[in-house]
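User: Could you walk me through this model and tell me what stands behind each term you use?

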Amino acid sequence: MDSTTAPAETTTQQPTRSFPATRHYRGLLHFPVVRQLIRFSGVGVLCTAASLALYALLRPWLGPQLANAVALVLTSLLNTALNRRLTFKIEGGKRRIRDHLNGLVVIVVALVITGGSLGVLHWLNPAATVGDELLTTTLSGFLATAVRFTLLRHWIFRRARHR
């Protein structure tokens, strides 16, 4: 055997296929904002249900405004954590406290919107029922949700807008 020839026993390995770091989506899912809106909506449904349940539970003892505030603040911590992880795909502890503090600013905006709607409801109908209040906070919550998504995407989690 000549020293310049390769050994007779050569192992042929199949090259391992590496997948791209990003997925290639088709249609509307191609746009990151659409994927984020879908994930944000799932988080929103969960947090809205928790907030409404807390409101209904606390309302007899705290009244409508304070029950709304407590429910929103408590569920905002859950909301920010879930949106950080699921909607915007941010992992790890880096900037977590800052994100939650900024999330509290966003929840103040939501509190002004939903609390204002409750104030208008009671101004227009002083005998409003808990059901009326829940409907009012749910409807005004849609506006608050649109504002929240915009602030989360363009301010708090702007570093992850394209995920």
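**Helices, packing and cores**

Analyst: Happy to! Read along the sequence, the protein chain runs α-α-α-α. This is a predicted model, where local features need pLDDT of at least 70, side-chain atom pairs count only at pLDDT 80 or more, and totals for chains, interfaces and linings use all residues. Residues are numbered from 1 along each chain as its sequence is written, and side-chain values use heavy atoms, leaving out hydrogens and water.

User: What makes a stretch count as a helix here, and how many are there?

Analyst: A helix is a DSSP run of H or I with at least four residues, and a strand is a run of E with at least two, numbered from the N terminus. By that rule the protein chain has 4 helices and 0 strands.

User: How is the packing of α1 and α4 described?

Analyst: Two packed helices are described by the angle between their axes and the distance between the axes. The axes are lines fitted to C-alpha atoms over the stretch in contact, and angles run from 0 to 180 degrees between N-to-C directions. For α1 (residues 32-62) and α4 (residues 130-156), the angle is about 145° and the axes lie 10 Å apart.

User: Which residues make that contact?

Analyst: Contact means heavy atoms within 4.5 Å. Among those that qualify are F40, L52 and Y55 of α1, and L134, F149 and L152 of α4. The residues of this contact divide into 10 nonpolar, 4 polar and 4 charged. Here Ala, Val, Leu, Ile, Met, Phe, Trp, Tyr, Cys and Pro count as nonpolar, Asp, Glu, Lys and Arg as charged, and the others, Gly among them, as polar.

User: And how do α2 and α4 pack?

Analyst: Helix α2 (residues 64-87) and α4 pack at about 35°, with axes 13 Å apart. P64, N68, N79 and N83 in α2 meet E133, T137, R148 and L152 in α4. By class, that contact has 2 nonpolar, 4 polar and 2 charged residues.

User: Why is a group of residues called a nonpolar core?

Analyst: The name applies because its members are buried Ala, Val, Leu, Ile, Met, Phe, Trp, Tyr and Cys residues joined through side-chain atoms within 4.5 Å. Buried means under 20% relative accessible area (1.4 Å probe, protein chains only), with exposed over 50% and partly exposed in between. The largest such core has 9 residues: F40, F88, I90, V106, F149, L152, I156, F157 and A160. Its largest share, 3 residues, comes from α4. A second, separate core of 7 residues includes L58, A67, A71 and L118.

User: What share of the chain counts as buried?

Analyst: Of its 163 residues, 33% do.
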